[in-house]
Amino acid sequence: MITAEFDYQRVSSVADAVAALQAGGEDAKLLAGGHSLVPLMKLRLAAPSRLIDISGVPGLAGIERDGAQWRIGALTPHARLAASDVGLLNRVAATIADPQVRNRGTIGGSLAHGDPASDLPAAVLALDGSVVAHGPDGERTIAASAFFSDYMETALAPDEMLCEVRVPAMDGYGFGYEKFHRRAEDWAVVAVAAAVKVLDGACVDVRVALTNMASTPLRAGAVEAALRGQPATAEAVAAAAQRAAEGTDPPADLDADADYKCHLARVLCERALVAALAPA
Amino acid sequence: MSATAEPHVGRPLRRKEDPRLITGRARYVDDISLPGTLWAAFVRSPEAHASIVSIDTSAATARPGIHAVLTGEDMADLAGPLPMAWAPPGVEVNNPPHWPLARGSVKHVGDPVAVVLGEDRYAVVDAAEDVIVAYEPLPVAIDPEQAIAGAPYVHPELGTNQVHSWTLAGGDLEAGFAAADVTIQRRVINHRIAGAPIEPRGVLADYRAGALTLHTSTQVPHFVRLFVALLLGLSEEKVRVIAPEVGGGFGAKLQVYGEEIVACWASRALGRPVKWIETRSENMSVTHQGRDQIATVRMGATRDGQITAYHVKILADLGAYNMLLTPLIPSLGAFVMGGCYKIGAVTTEITGVFTNKCPTDAIRGAGRPEATHMIEVMMDQMARELGIDRLDLRRRNFIPKEDFPAAVATGVIYDSGDYVASLDKLLEHVDVDAFRAEQAQLREQGIYRGIGFSTYTEICGLAPSRITGPAGVGVGAGLWESAMVRVHNTGAVTVYTGTSPHGQGLETAFAQIVADRLGVDPSVVEVIHGDTGTGPEGRGTYGSRSLANGGEAVAKATDKVVAKAAKIVAAELEAAPEDIEVSGGKFSVKGSPEKGMTLAEVAGIAYIGAVPEGMEPGLEETTFNDPENFVFPFGAHACIVDVDTATGKVNVVRYVAVDDCGNPVNPLLIAGQVHGGIAYGIGQALYEHVVYDDDGQLVTGSFVNYALPTAAELPNFELDHTITPSPSNSMGVKGVGEAGTIAATPAVTNAVIDALAPLGVDYINMPLTPMRVWRTIQEAQAR
Ligand SMILES: Cc1cc2nc3c(=O)[nH]c(=O)nc-3n(C[C@H](O)[C@H](O)[C@H](O)COP(=O)(O)OP(=O)(O)OC[C@H]3O[C@@H](n4cnc5c(N)ncnc54)[C@H](O)[C@@H]3O)c2cc1C
């Protein structure tokens, strides 16, 4: 691995990390699990002048139920999330790559990286989650809907650190995550996350989000609207899923052109909704 | 051997190589460090085709720790360009010069333009970014069918993109088609794939005191030595090439690469060892690739299923340059174009075409997977056309067992075969009727399951010299193989082989062969390979040749040792040499095993010199083995797939392989080769594809998008075998390194077509990616 030259610094608190980001300027980068950043550095597609290693900051790897929400520390590795009770996110995390990646990669890194092909962003978006960021001016909370701004771009300022992810507990919901990829360890070609609440046979709440269907993760608003209030039947799901590609703008790539991605979104949406409606 | 001692040959002995490999004690090129080494980094073209206007090396040279930045002009004293070793009699091959560092123009992305040499591995990569090359982009030729039709030209001075054209015809094709009631034609594509060894290439060159030592990750140290010597103007014996542990080759290391020449040249020029380790990105863009053929295939048959004529016209995309054997590779398939069928007229016409891509050359199977894919897919297509069961059609056309050795229309003699036996054996594992019932039931649940077959034969064990050499096929080297067997004072044995294994397990197989013959345990037999400075001249490892040719050489050299030992023992025991046998670990007189001598005792006499009168002391022998014929492994494979018709994704649910590689030396090694081979074939059929865009940019530059299958994508392979000894060597063995790859792609493809038949899909070309499969279903449904 022949990266460009960089300085390396280990920090042991959030405050130190933020200070180091400020001192390091534009080209300083936080290093968490390293499983998105380091591959880019290896290919010299990224060449940060300074790496601020936050992996040893205590207290940031953990999952806690706090009333009606889950609080997930930024350094929580995918493997821990996969083994947790956090609805939707646990099944999403289990689809990420292989055990090595799941043991090293963190939820904070995954969200901060802002890759629309990553799995956790769409899931957090589907749940109307939020992130807690620390910067020179203190703490702020950013709603997931305002967090992903463009391809590999987020609302985080260069001197902000993502410290926590919060998602509602979603008690009584059913979940589905359908990820289409060529090999078990691959990123999604397209994936669909769904959370549905059924009361008296009707879908009273429907959340659907799409992975890799645009430059950011997207909510499939048309599907949600079409299914909300409808009976929880296969027919209603199939009809709603037909609208999964509305408002998307999927980039063509090696494995899929835009048409095929839209088709996949509809197929996967139906499957994700069916899974979400399946008895637990 | 005594009645109780089981021979080692035939047993699934665990690999002698493995302890060092799995404990990290093996030494690859990158593990070897020499004091004072300079690192090399190459500056490579980002353009697919361009003239080099200028190269500014000043900033790079000025960086700390940088010793030199060399360009093609600096190496003007090279005796010639990189070699192409195929000169088929009577065939013209356009062969424009291919320099280790570009001279004047670049022809594909990754073409090396300059090399930076410096003291630190990181510093040279940094400095390489500071070499400023001004390119004047030229129009590119990417699509092979457009390229063969005319400009733009890859090598404008040729006025054509055609490399060569070559035909192999046997039988009366016209009469064959005239006799046919049904003729079908398909466009069959064998797309471009990569070798993708897990260890990329690496070189460490050390020129000192008038002699050169080159460590390189290669399959062919002797060929590399020859061409390094020729290009650098050194006498061949002054060059020692060592292939240390080599982490896979798959044909991609059967090559003489520019980086090898540059490292040697620079070491001589700078008086320092020079080391270069390839990155994965480099491996994907500049290490030779394989396949890439578009074929128009015509097959004629009578109504009752007799194949009467077979005509294959191949357009082979050879990339930007001819490398060591580039234009020859498609021809290797031509010799077995008719597969295991008795077809009176078979013609193969090959046209090679230059494009602005990485050159192609031998990749696992080299020509034979393409040929097998074509004939086996065509057999299914013809069966459907005739309304005859696919396996029945095959049986009706199999070369019958009685015909072997069988002269076929392509002019070669298949040494052995029993195709009915291998198919019957396969069907013991696969109950087709039960499968059809299950298939029908699953279809009712919306699950599309299909079964595909491939009954194959191939030509391997590359030798003999009279056919492969200059007067035959036209390779500039006779492909014999050597061995030297040395018995030490201790009774331990060292074997030197001219083959150069790189993962196959030959150290174990060869030790088994020697151990039985000398009455010792395989653990005391050490096999030395891949070093031109130790054993005799050799030819390397490729074309599934190492056992049938190199192993046979080992057996013969060992037999010579046994013959000498028998004379020594006969003198000691006062018996006739003919009456000495090796039994229970001893040389003894037949019938009286109690009075015997161990190999160590025999060696003691041989080295003390107390040998019978007229005999030289010592106990070692050398052989050069040049067999009479190739070997022809064969078998029958079945693949069962499920296709998710909503997404187009194919999942292999079962794979059963029956292979016949003659007498098995080590079933464990065979299984390893067959497993890897099938994975390679499934990989090509479903996952792997080297893709260039219209501008000649490589899209699949890493393992993120060059999709090698992993264990998660592959089923448990179910293996069985038949045994039909080869008459081409004394051990009755055949190669098995490529068989799985050769057989697998049509089995997978035929299975997918079978699965989708109810949806109206009757044909599809590889790679069977989800999008392609889904589109094919959509098109069939729209018809
Ligand atoms: C082979 C392979 C396959 C993969 N497959 C998948 C897949 O299928 N699905 C998937 O979703 N992901 C996949 N990944 C990515 C993996 O999940 C990453 O681990 C994850 O996306 C990033 O987390 P990290 O902790 O490794 O972040 P890092 O690589 O350390 O950092 C990524 C980016 O986020 C920034 N960052 C990190 N932490 C913070 C923070 N707390 N605050 C602010 N900025 C921060 C860094 O500065 C950097 O810019 C794969 C990775 C590999 C190597």
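**The ligand shell and beyond**

Guide: α6(A) gives the most to the shell around the ligand, with four residues. This is a predicted model, where local features need pLDDT of at least 70, side-chain atom pairs count only at pLDDT 80 or more, and totals for chains, interfaces and linings use all residues. Residues are numbered from 1 along each chain as its sequence is written, chains are lettered from A and ligands numbered from 1 in the order in which they are written, and side-chain values use heavy atoms, with hydrogens and water left out.

Visitor: Which residues come nearest to the ligand?

Guide: A residue is near a molecule if one of its heavy atoms lies within 4 Å of it. There are 29 residues around the ligand. Those that come nearest are L30(A), G34(A), H35(A), T106(A) and D119(A).

Visitor: How much of the ligand does the protein bury?

Guide: Let's start with polar contacts, pairs of N or O atoms within 3.5 Å. A backbone N or O atom of L30(A) lies 2.5 Å from an oxygen atom of the ligand, and the side chain of K29(A) has an N or O atom 3.4 Å from a ligand oxygen. Taken alone, the ligand exposes 960 Å² (Shrake-Rupley method, 1.4 Å probe). Of that area, the protein buries 92%.

Visitor: How many disulfides are there over all chains?

Guide: A disulfide is a pair of cysteine sulfur atoms within 2.5 Å. For C661(B), the nearest cysteine sulfur belongs to C460(B) and is 9.2 Å away, so C661(B) is in no disulfide. Over all chains, the count is zero.

Visitor: Is C661(B) buried or exposed?

Guide: Buried means under 20% relative accessible area and exposed over 50%, with partly exposed in between (1.4 Å probe, protein chains only). C661(B) has 8% relative accessibility, so this cysteine counts as buried.

Visitor: Which residue takes a positive phi in the hairpin of β23(B) and β24(B)?

Guide: Three bridges join β23(B) to β24(B), and these strands run antiparallel. Two residues lie between the strands. The residue with a positive phi, near 90°, is G591(B).

Technical notes
Two strands pair if DSSP finds at least two bridges between them. A polar contact is a pair of N or O atoms within 3.5 Å; within protein, one must be able to donate a hydrogen and the other to accept it, and residues adjacent in sequence count only if both atoms are side-chain atoms.
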